[in-house]
Every structure is written in structure tokens, then in C-alpha cells.
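Here are some notes on the salt bridges in this model. Please read them with the structure open beside you.

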Amino acid sequence: GQLGFYHDDWVLLEFLTEDGSFWGGMARLAKAGFAVRPLNLPQFALFHAVGGLNPLPYHLAMLLLEITQGLLLYSLLARLLKRRDLALTATGIALLYPNHAVTHYWLSASGQTAALDLALASLLLHSRWQENRRKSFLAAGQACYLLAMLSYESIAFLPLLLGAASVAGDKGAGKPWLQAFRSALLMLAPYGITLAAALFWQRAAFCWVFGLPSQRPVGFSLGHFFKTFQEGFSCLSWRILRLCLRTAPAAWHDFGLGLIAILAGLSWGLARLLKIEPGEGESGRSSRIMAAATGIAAFAAANLPYAFTQAYLPAVTGVMARTSAVGALAGGLLLAAGLDALRSAFPAFRRGQIALLSAFAAACLWSEWHTASRYALSWRIQNDLLAKCSAKAAALPHSATVLVAGVPGEINTRLNPVVVFAAHYDIGGALRLASGRPDLTVNIVSPRMQFTEEAAVESWQGRELARYPYGNLFIYRYDRDEWRKPAAPPAKSSR
């Protein structure tokens, strides 16, 4: 109940508030360039129509999307792995994995959550089509995948899960490798056609319709390709371990003794629920192989979209962690397959399974709780700043420029950074909405800003980004709660 809006959320909220109507908000977002992911338009407009500037309805809607994701993922994995216990363990671990903690709290990341829901529904429908060959299942599956791509393209390669499952199943049935791969390619052919249609919209048709240049360059660099997968692997392994270990001391501060006892009980209950039952014989072995194959495919699917961007890299937490939700799915599958292999190879491990899963669940839960508490702190800082600044901004002249100093861009940087206000696009929208002054120009005083004789100038890598003349410029220092009107610095001596 203490979570709020963050970073890009303020851009969306300002656009949606300008018109005030559902259709007007969608049109405003489309003109601003958000139609490159057109499914986001009705999603965000619907969120705003229900919640307005109250964050609680948004977070309830995001929670519903996460619950749906868990149900779809379990249904898909139970279908592919033929073992409900293995499917439940993989799903539980994927939902607990700290990789995509940010998607639980950040409205702007809800587009990816919706995309993952739709993509999982598509894989379920497509697997049904493989069985009954009814065209309605094929059409519905491809429609869901197209909608998913038009919501967030991080799921572009998720159909590789079905391909890996198909190859593993065919090999288990004794078919040659070449025949297994040929069957998988034929099965995935509809996804290739739908993917091409979605990319055509994003790369070409969108630009033609709205008269905008393409702002999503695609390129290939061998160094970036390998670095992406290296970062992706570290996000599933040692970075998660380090995050859990480094947030452990914070658990005492965040929880206290009573909540730690509740956490221990909850973790033990989750471990009992997610424990893997004995999967013996050939069926148990084939399920493990299937889980490992689909886990590797999910790992490839999570990283391939960013291996070709030369811009983004996977992250565990922080602003860009919204790109890692598919990676959490890979972590769940691989860990579940590993636990099942340990049970099979070492029967004594069965006695320690509950303890291991309890420790893992506790580590993930306190890491998630700590992340949420930092987001709650960020929201309190935002509210305090906006209340103080907007009260005095009401008296500023028309079209005034406000530069805000003394506000932390990020908090909790030692563990997992959480944004407060980063730049003009988030603090500007927030202050304009809070003050009711859409005419204000707002930015943050940063090291990139120089105060020259004529104006405050923001530059980056030798290129001027913005210029704010002193005539209508005001500076607000949040740490001192004071306003001042800057004057030009003294001219430098010619000597």
C-alpha cells in the first residue's frame, strides 16, 4: 500500500491526464510515439481511467497480471513436462526469482508482464493445435503472440520453448536429430510469419503512419552478443546470490523478530508446496531432460532480443530490470531440473530438499521485501518533494523554468538502485501534475549542467541538450527547502 509511481510512469500519467478521456489519452500516447507498442495504449489508458493519480489500483492490476502469469506458466509446463510437481516447482521459483522484482512495482514494466501473459497463452494454444490440428487454436495462438509482440518485444523468442520441447520429445522417441529439428522448425513456422508482421509494424509501418524516424536501431556486434549472454548468466547465478546475501542484514531492519518468524514459516510452507516428488524411471528422466531443454531455450529467448540491440543488457534489479522477467522463467526451469537430477542421483538429498528450498524461498522473499521497501521510500521522498515544491511553484510566473537541486537521483545504490527522480521527463511530469501548472518547464540540476553568462546549459558528450535563460529561471533546493532566482555568474577577467 506504500508503493507509487516511478521514472517513466510520470510521462505516461501526464499524457493520459492532459486530455482526461479514455480515447483522448490513447490518442495522446499514440502521437507521442507509444504506438510502436500499440497494445500499451489501451492498457495504460484503462489503468488511468480506473486509478487516475492513485497508485493503488495500478498495483492491484499488476498483481492480477502476475497471478495470471503464474497460472499460465504452470499450465504450460505441466503440459510440456508431464509432471505437475516439476511444473509447480519451476513456476514457484520463477515467480520468486528477484530478477523481475521491478515488474512487480513499476507501472511502465506492466507492458512486459502483459506481453509475457499473452505469450504464455499463445504457447498453450499452439501446443493444443499440435494435438488436435484445429485451425481455431492456431489462429488464437498466433493472435495472442502478435498482441504480445505489440505490447513488449522481450518475448519475441519465447516460442523457442516449444521448439526445444519438440526436439527433446522427438529424440526421446528415438527420432534422428535432423528429423527432430526439421519437425521443430515446421512447428515454429507460424511464429516466424507473425514475428515478421510485428517487426514490420515496429520498424517500418509505425514510422510511415506517424511520420516518425525509427528510434530502435538494430545491429550486431559479436562482443555485445557474448556480453549479453554473460550478463544474462550472471543474473541467474552469482548476482542473485550476492543480492540475497547483501540484503540479508537488511532483513532484520525491515522485518524485526516477529516478521522474521513469519517469513521463516512462510518459506517452509512454500518449500513444502514446491518440493519435487520422486520422478523415477524413464518418465522421470525424460521430464528432467525436457525441463533442462526448455530452460536453456528460455535463457536464449530472454537474451536474444538484447543481443541485437547494442544498447540494453540484462539486470537483476534497478531501472532496467524490467527486461529480465523472461530470464526468471529460465531460472525456474533450470533450478527445478537441477533439483530433480540431485534427487535422482543422490537419494539422501530428498531429506535436505525442504531445507534447501526453504532457504532459497526466504532469501528471495526478503530480497523482494527489501526492494519493495526501497520503492516505498522512493515514493515517500517523491511525495515530500512534490508537496513542498508545488506549493511554492503556484506563485511562479507563466512559463517559468524550475531547476530542482538537492534531490537524490537514486537511493539504495549499494544494494539495488531504486530511482527517485532521474531527469526532466519524470520530475517535470510529476511537478506539473502536482502543481496544476502544465506551463512549467522542469529539470534536475546535474553535473551535466553548466551555468554560463547567459543561461543554464545541459550538455552531454559535447552536444547541447537544453538551454534555460536566466530571465524566467528559478532554482529550488529540496535539501534546504528554499527557492532562489539565479543570476549570471561574474564575467571572467580577460587576464
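**Notes on the salt bridges**

1. Arg83, Asp85, Arg288 and Asp340 are joined in a network of salt bridges. A salt bridge here is a side-chain nitrogen of Lys or Arg within 4 Å of a carboxyl oxygen of Asp or Glu. The structure holds 16 salt bridges.

2. This is a predicted model, in which local features need pLDDT of at least 70 and side-chain atom pairs count only at pLDDT 80 or more, while totals for chains, interfaces and linings use all residues. Residues are numbered from 1 along each chain as its sequence is written, and side-chain values use heavy atoms, with hydrogens and water left out.

3. Glutamate 131 and arginine 79 form a salt bridge, with the closest N and O atoms 2.7 Å apart. This pair links distant parts of the chain, 52 residues apart: glutamate 131 lies in helix α7 (residues 110–132) and arginine 79 in helix α4 (residues 55–81). Helices are DSSP runs of H or I with at least four residues, numbered from the N terminus.

4. Glutamate 131 is exposed, at 55% relative accessibility, whereas arginine 79 is partly exposed at 23%. Buried means under 20% relative accessible area, exposed over 50%, and partly exposed in between (1.4 Å probe, protein chains only).

5. Lysine 175 and aspartate 170 also meet in a salt bridge, at 3.7 Å from N to O. Is aspartate 170 buried or exposed? Aspartate 170 counts as buried, at 13% relative accessibility, while lysine 175 is partly exposed at 32%.

6. Aspartate 479 pairs with arginine 477 in a salt bridge, the closest N and O atoms being 2.8 Å apart. Aspartate 479 is partly exposed, with a relative accessible area of 47%; arginine 477 is partly exposed at 23%.

Definitions and conventions. Helix = DSSP H or I, 4+ residues; strand = E, 2+ residues; numbered from the N terminus.
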